[in-house]
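Below are my notes on the model you sent. They are set out as numbered points, to be read beside the structure.

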Amino acid sequence: MFWEHRNLFGSAEKLILSLDGTEIDQTAIAMFSKPGFISPRQSLKLATEFHHADTDAFREWSTKVSAALERRLGEHWTVSAGVLGEAATIKDDGASTQSYLAGLPLAATWSTVEAADLLDPTKGWRVSMAAAPYAGSSEGSIAFLESEAQASVYLPLDSAKRHVFAARVRVGSLVGAATTKVPANHRFYAGGGGSIRGYGYQLVGPFDVEGRPTGGRSLLEAGVETRLRLTETVGIVPFVDVGAVSASSIPGG
């Protein structure tokens with residue numbers, strides 16, 4: 001559920017208020033964007049997020065505030081840099097922890113994707129890279145670097161683009177503080193829809209002695225699928241997903 005104003009102050013400023021929730025995850029976001037900020041190719045983005053999660057791995061109550069500049073570089077490249085503050089209460093392994101973090105998120109995206117529906121791309125490539133150094137406190141001072149890269153390709157199998165082959169890969173890594181010091185909501189998890197299908201949510205290891213997912217320091221996911229549209233409302237999608245979450249900072253290590 002969301003509400004959007006696309007011309008808040010008369011210069012295409014956009015304000016979005018959204019609520020999104022499932023049984024285990026609820027998020028409220030207020031986001032403001034100002035196009036043409038300082039430069040015609042540049043936008044200012046401000047956001048506040050309130051999040052609650054109650055999963056097998058941890059329970060989370062968190063608030064984030066962020067500000068970022070996003071800039072288009074040519075036809076296919078978009079880059080951004082910003083600042084972020086986060087306050088969270090995390091309960092995992094029977095203990096409750098307060099964390100306060102400041103981050104400097106950086107991101108770059110290269111995309112040639114074509115899609116009438118942004119949620120159903122039919123042709124092109126998309127590569128994104130993101131990294132954020134964090135520092136703050138969580139049962140003592142901590143500092144770590146969180147980084148992630150993703151790549152997707154979409155190849156139409158017919159001229160009408162009704163049938164599409166898609167492949168993706170995702171890699172993530174944490175460097176710095178020990179795993180147990182990194183707040184649970186910043187560790188890597190896998191399993192479930194949009195991740196490694198066929199496994200339950202967050203149920204791709206590692207686990208503690210009681211069988212609960214603990215999250216890891218690195219992530220590797222890959223998947224291929226063929227989207228076959230039989231009618232305007234019916235389709236089938238054969239797929240294969242693989243992946244792993246590791247206690248090492250090196251994916252697959």
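1. Helices (H or I, at least four residues) and strands (E, at least two) are DSSP runs, numbered from the N terminus. By that rule the protein has zero helices and 14 strands. Its pattern along the sequence reads β-β-β-β-β-β-β-β-β-β-β-β-β-β.

2. On the basis of the values: this is a predicted model, in which local features need pLDDT of at least 70, side-chain atom pairs count only at pLDDT 80 or more, and totals for chains, interfaces and linings use all residues. Residues are numbered from 1 along each chain as its sequence is written, and side-chain values use heavy atoms, with hydrogens and water left out.

3. Overall dimensions. The C-alpha trace spans about 55 × 45 × 30 Å along its principal axes.

4. Of the 253 residues, 30% count as buried; buried means under 20% relative accessible area, exposed over 50%, and partly exposed in between (1.4 Å probe, protein chains only). Contact means heavy atoms within 4.5 Å. Among contacts between residues at least 6 apart in sequence, 50% join residues at least 24 apart.

5. The second largest pocket. A pocket is an open set of points on a 1 Å grid over the protein atoms alone, where a 1.4 Å probe fits, with protein on both sides within 12 Å along at least five of seven lines; lining residues have an atom within 4 Å of a point. This one has a volume of about 370 Å³, the volume being the space filled by probe spheres set on the points. Of its 21 lining residues, Asp 92, Asp 93, Thr 180, Ala 184 and Arg 187 lie nearest the centre. Strand 6 (77-92) and strand 7 (95-103) each supply at least two lining residues, and strand 7 gives the largest share, three residues.

6. Ser 33, in strand 3 (residues 25-35), is buried, with a relative accessible area of 13%. Beyond its neighbours within four places in sequence, Ser 33 contacts Glu 13, Lys 14, Leu 44 and Lys 45.

7. Lys 161 is partly exposed, because its relative accessibility is 30%. Gln 202 has phi of about 65 degrees and lies in the loop between strand 11 and strand 12 (218-229). Gln 202 counts as buried, because its relative accessibility is 5%.
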